[in-house]
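Student: I have a model open on my screen. Can you show me how to read it, feature by feature?

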Amino acid sequence: HRYIAMGCNSMKHRGPSVFGMLLAYSGCSAENALEIVNGHWGPNGVSDETRLAIIQVGEELRVKNPQGSARLAELFGK
């Protein structure tokens, strides 16, 4: 169907953090990804520090795998 769906419980906890990781992996800075995620879903009880640490893993994976990251960004139409 050409879309990605993730999260549970109305994207209240894990879903936004995972989405932030995906944004960071595809090219956003971790800080921008955090701002996007919190702006859209709110913190929902997850501290910025915790969510940022999770999102930074996506950023680290982008650095380790630039070809995969570039491919994902390409699929997103970037």
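Tutor: We will go from the overall fold to single residues.

Student: How many helices and strands are in the protein?

Tutor: This is a predicted model. The protein has four helices and zero strands. Along the sequence the pattern reads α-α-α-α.

Student: What is the mean pLDDT of the protein?

Tutor: The mean is 87, and 82% of the residues reach 70 or more. Among the parts compared, confidence is highest in α2, at 96, and lowest in helix α4 (residues 66–75), at a mean of 88.

Student: What share of the residues is buried?

Tutor: Of the 78 residues, 29% are buried. Now look at contacts with a separation of 6 or more: residues 24 or more positions apart account for 61% of them.

Student: Which residues make up the largest nonpolar core?

Tutor: Seven residues: L23, A24, A30, A33, L34, V37 and I55. The largest share comes from α2, with four residues.

Student: What does I55 touch, leaving out residues up to four places away in sequence?

Tutor: I55 touches S17, G20, M21, A24, A30, A33 and L34. I55 is also one of the buried residues of α3.

Student: How do I read α3 as a helix?

Tutor: Start with its length. Helix α3 covers residues 48–64, 17 residues in all. At 1.5 Å a residue it should span 24 Å, and its end C-alpha atoms are 24 Å apart, so the two values agree.

Student: Which residues of α3 are buried?

Tutor: First, the general idea. An α-helix has 3.6 residues a turn, so residues three or four places apart point the same way. Here the buried residues are R51, I55 and G58. Viewed down the axis of α3, they fall within an arc of 35°, so they line one face of the helix. Their cover includes α1 and α2. On the other side of α3, E49, V63 and K64 are exposed.

Student: How do I describe an aromatic pair?

Tutor: Two values do it: the distance of the ring centres and the angle of the planes. This structure holds one aromatic pair. F19 and W41 sit 5.5 Å apart, centre to centre, with 75° between the planes. The pair counts as edge-to-face because the angle is over 60 degrees.

Student: Where in the chain are F19 and W41?

Tutor: F19 is in helix α1 (residues 14–26), and W41 is in helix α2 (residues 30–41). They are 22 residues apart, and the pair links distant parts of the chain.

Student: Now the loops. Where is C28?

Tutor: C28 lies in the loop between α1 and α2. C28 counts as partly exposed, at 23% relative accessibility. Leaving out residues up to four places away in sequence, C28 touches L23, A33, I36, E59 and R62. C28 and A73 are 45 residues apart in sequence, yet their C-alpha atoms are 9.9 Å apart in space.

Student: What is phi of N44?

Tutor: Phi is near 50°, a positive value in a residue other than glycine. N44 is placed in the loop between α2 and α3. With a relative accessible area of 32%, N44 is partly exposed.

Notes. Residues numbered from 1 in each chain as written. Predicted model: local features only at pLDDT ≥ 70, side-chain atom pairs only at ≥ 80, totals over all residues. Heavy atoms only, no water. Phe/Tyr/Trp six-rings, centres within 6.5 Å; stacked < 30°, edge-to-face > 60°. Helix = DSSP H or I, 4+ residues; strand = E, 2+ residues; numbered from the N terminus. Core = buried A, V, L, I, M, F, W, Y, C linked by side-chain atoms within 4.5 Å. Buried < 20%, exposed > 50% of the residue type's maximum accessible area, 1.4 Å probe, protein only. Contact = heavy atoms within 4.5 Å. Expected span 1.5 Å × (residues − 1). Arc of directions from axis to C-beta. pLDDT = per-residue confidence, 0-100.
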